[in-house]
Amino acid sequence: MASNVPLSLFLCFFISICHAHAGKISVYWGQNGGEGTLAETCATGNYQFVNIAFLPTFGNGQSPMINLAGHCDPYSNACTGLSSDIESCQARGIKVILSIGGGAGSYYLNSTEDAREVATYLWDNFLGGKSANRPLGKAVLDGIDFDIEGGTNLYWDDLARYLSNYGKRGKKVYLTAAPQCPFPDYYVGKALETGLFDYVWVQFYNNPPCQYSSGMASLEKAWKDWNTVPAGQIFLGLPASPQAAGSGFVPAGDLTSQVLPEIKDSGKYGGVMLWSKYYDTGYSSSIKSHV
């Protein structure tokens, strides 16, 4: 009897790209002027998320200030030229997210009201609101990434709630976070419990107790812990080269043969996050068909 099922559906059973848990790659861009432009980054076709890093100064009454290393000078308002790059990325279906915090900076929230004020600033200056001095120009970013690695662990849940509420006014505000792999994360653990985060790219590097170099058992234990978080999807955060972090680099062959097969079947698997575009001189290309 003739079948009406398209051949493509049969092929899906045999081709890895049709895997139900096919993942995506997220990358950080902005901390090295030698990594190419944002538009060039998106044009590679390797990434579905680009985190612009960083807004490292905000909160506690400070004037917020973006820092994009050698890419542009925020003090002369030169970063507004990134607007066309952001829009070109979005036209490719790539989500462009502002990462706040980082490994070095001056940021913390001193009250719920402070969190509300920071949320308003982010909405007006980077998201769907209006401001005369938008640091990245008129482009509307897709969301905010919480890369909180210092300061205190207070009021980040409030910031998440305020940002999420702004997203109800129109274009959705995606919320992402980059916690360390020891579970739960000290800084954003409470914020993640709000259930408001869409993507969580966990840093499985610079953390020997749970990174690959300590063995698959350690990594798998942490991965399972992170999959209990009430978030949309969990990503495996890795350095894009041995030079990108103090420890935790996973050779591409090990990632595709040892690590990914063990984590891809988890319900919240979303893909791989890489730090950073500057160090990604071929890593994403070598793994993307396996992610």
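## Exercises on a predicted chain

In this predicted model, the chain exposes about 12500 Å², and carbon and sulfur atoms supply 53% of that area.

**Exercise 1.** Determine whether the radius of gyration of the chain agrees with that of a compact globule.

Solution. 
- Step 1: take the chain length, 291 residues.
- Step 2: apply the globule rule, 2.2 Å times the number of residues to the power 0.38; a compact globule would then have a radius of gyration near 19 Å.
- Step 3: compare this with the chain, which has 19 Å, so the two agree.

**Exercise 2.** Describe the secondary structure, burial and contacts of the chain.

Solution. 
- Step 1: count the elements, which gives 9 helices and 10 strands.
- Step 2: count a residue as buried when its relative accessible area is under 20%; buried residues make up 48% of the 291.
- Step 3: take the contacts between residues at least 6 apart in sequence; 72% of them join residues at least 24 apart.

**Exercise 3.** Characterise the largest pocket and its lining.

Solution. 
- Step 1: state the volume, about 260 Å³.
- Step 2: list the lining; there are 19 residues, and Phe54, Gly102, Gly103, Asp147 and Trp275 lie nearest the centre of the pocket.
- Step 3: assign elements; strand E4 (95-102) and strand E10 (269-275) each supply at least two lining residues.
- Step 4: sort the lining by class, which gives 10 nonpolar, 7 polar and 2 charged residues.

Key:
Residues are numbered from 1 along each chain as its sequence is written. This is a predicted model: local features need pLDDT of at least 70, side-chain atom pairs count only at pLDDT 80 or more; totals for chains, interfaces and linings use all residues. Side-chain values use heavy atoms; hydrogens and water are left out. On a 1 Å grid over the protein atoms alone, a cavity is a set of points where a 1.4 Å probe fits but cannot get out, and a pocket is an open set with protein on both sides within 12 Å along at least five of seven lines; lining residues have an atom within 4 Å of a point. Grid points are joined across faces, edges and corners, and a volume is the space filled by probe spheres set on the points. Helices (H or I, at least four residues) and strands (E, at least two) are DSSP runs, numbered from the N terminus. Ala, Val, Leu, Ile, Met, Phe, Trp, Tyr, Cys and Pro count as nonpolar, Asp, Glu, Lys and Arg as charged, and the others, Gly among them, as polar. Buried means under 20% relative accessible area, exposed over 50%, partly exposed in between (1.4 Å probe, protein chains only). Contact means heavy atoms within 4.5 Å. Accessible areas come from the Shrake-Rupley method with a 1.4 Å probe; for residues, only the protein chains shown count as cover.
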